[in-house]
Amino acid sequence: MKLSKRLQQIEQMVTADYTHIWDCCCDHGFLGASLLSRQAAQNIHFVDIVPELITSIESKLQQFYQNSRSNWQTHCLNVAKLSLKQYQGKHLVIIAGIGGDLMIKFINDIHQQHQNLNIDFLLCPVNQQFALRKKLIELKLSLKNEVLVEDNSRIYEVMLVSTISDTYKPIDPVGHNIWRSNTVKQTRVVEQYLARTLNHYKRVQQGGTENVDDIISAYSSKV
Ligand SMILES: C[S@@+](CC[C@H](N)C(=O)[O-])C[C@H]1O[C@@H](n2cnc3c(N)ncnc32)[C@H](O)[C@@H]1O
């Protein structure tokens, strides 16, 4: 199964130093399966709340990855209830393809339940990026990497952040490195993303139900 450009980008941002990788909200498990294929960690976990999806992933993994050198495990579970404590080592929790509000809830709950655990989060929300960034800042997470990726006419932010860091690097409420580019193609992606984001918040401002002046001025500083 060929991964979408968005999932490929996420996959590429997974480095080799994790004991456990959690593909949360895994849906059909394409991302986790790709990580399993390249033995990205000793243990790859597939997590989704829908029992039929987990049953189907379980049977495919048994069929195709029975002799895999990496261990795999499936979990039919609400990500908000993820329990990492019984698993020793360094964790990477990947959450992608869901709204920012739900992602905020998951990260808040996981963070609260694992105050002293070393967890990296690799995140790709479909919306509410500003609110998500605010939450990550509030939780004092440190930035490791952030990129913009275009896939099928949509543009996504992908962020790798960490609960524990020797060299704390602050997260910007509207991002920092995502606005940089070193190719003409990426410059166009950056310009489009900025224009779309500003247009979105200007529409919200015109609606008059929410004060987004600060958000607009923060994004405007990137123009
Ligand atoms: C659109 S898919 C995202 C798939 C993949 N992560 C991606 O980025 O393409 C969203 C998945 O989130 C799952 N999901 C929604 N709420 C969840 C929750 N509370 N806990 C676990 N999985 C959840 C859904 O069942 C669905 O499979």
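This is a predicted model: local features need pLDDT of at least 70, side-chain atom pairs count only at pLDDT 80 or more; totals for chains, interfaces and linings use all residues.
Student: Do β1 and β4 pair in the parallel or the antiparallel sense?
Tutor: Strand β1 covers residues 20-24 and strand β4 covers residues 91-96, with five bridges between them. Within this pair, Ile-21 is placed opposite Leu-92 of β4. The sense of the pairing is parallel.

Student: How many bridges join β6 to β7?
Tutor: Strand β7 spans residues 154-162 and runs antiparallel to β6. Glu-150 has Ile-155 of β7 opposite to it. The number of bridges joining β6 to β7 is nine.

Student: Which residue in the turn of the β6 and β7 hairpin has a positive phi?
Tutor: The hairpin leaves two residues between β6 and β7.

Student: Are α1 and α2 parallel or oblique to each other?
Tutor: The axes of α1 (residues 5-12) and α2 (residues 30-37) come within 10 Å and cross at roughly 45°. The contact involves Leu-7, Ile-10 and Glu-11 from α1 together with Phe-30, Leu-31, Ser-34 and Leu-35 from α2; by class these are five nonpolar, one polar and one charged. An angle under 35 degrees would count as roughly parallel; α1 and α2 are therefore oblique.

Student: What is the handedness of the crossing of α4 and α5?
Tutor: Helix α4 (residues 100-113) packs on helix α5 (residues 129-138) at about 15°, with the axes 8 Å apart, and the two are therefore roughly parallel. On the α4 side the contact includes Met-103, Ile-104 and Ile-107, and on the α5 side Ala-131 and Leu-132 are among the residues involved. By class, the contact has five nonpolar, three polar and two charged residues. The crossing of α4 and α5 is right-handed.

Student: How are α6 and α7 oriented to each other, and why?
Tutor: The axes of α6 (residues 184-207) and α7 (residues 213-220) come within 10 Å and cross at roughly 160°. Angles over 145 degrees count as roughly antiparallel. The orientation of α6 to α7 is therefore roughly antiparallel.

Student: Which residues of α7 meet α6?
Tutor: The crossing of α6 and α7 is left-handed. From α6, the contact uses Leu-194, Thr-197, Leu-198, Tyr-201, Lys-202 and Gln-205. The residues of the contact of α6 with α7 comprise six nonpolar, three polar and one charged. The α7 residues are Ile-215, Ile-216, Tyr-219 and Ser-220.

Student: How many nonpolar residues does the shell around the ligand have?
Tutor: The ligand is surrounded by 15 residues, of which the closest are Cys-25, Asp-27, Ile-49, Ala-96 and Gly-97. Two residues of the shell are polar and two are charged. The nonpolar residues number eleven.

Methods
Residues are numbered from 1 along each chain as its sequence is written. Two strands pair if DSSP finds at least two bridges between them. Helices (H or I, at least four residues) and strands (E, at least two) are DSSP runs, numbered from the N terminus. A residue is near a molecule or strand if its C-beta atom, placed from the backbone, lies within 6 Å of it. Ala, Val, Leu, Ile, Met, Phe, Trp, Tyr, Cys and Pro count as nonpolar, Asp, Glu, Lys and Arg as charged, and the others, Gly among them, as polar. Axes are lines fitted to C-alpha atoms, for helices over the stretch in contact, and angles run from 0 to 180 degrees between N-to-C directions. Angles under 35 degrees count as roughly parallel, over 145 as roughly antiparallel, 65 to 115 as roughly perpendicular and the rest as oblique. Two residues are in contact if their C-beta atoms, placed from the backbone, lie within 7 Å. A crossing is left-handed if the near helix is turned anticlockwise from the far one by less than a right angle, and right-handed if clockwise.
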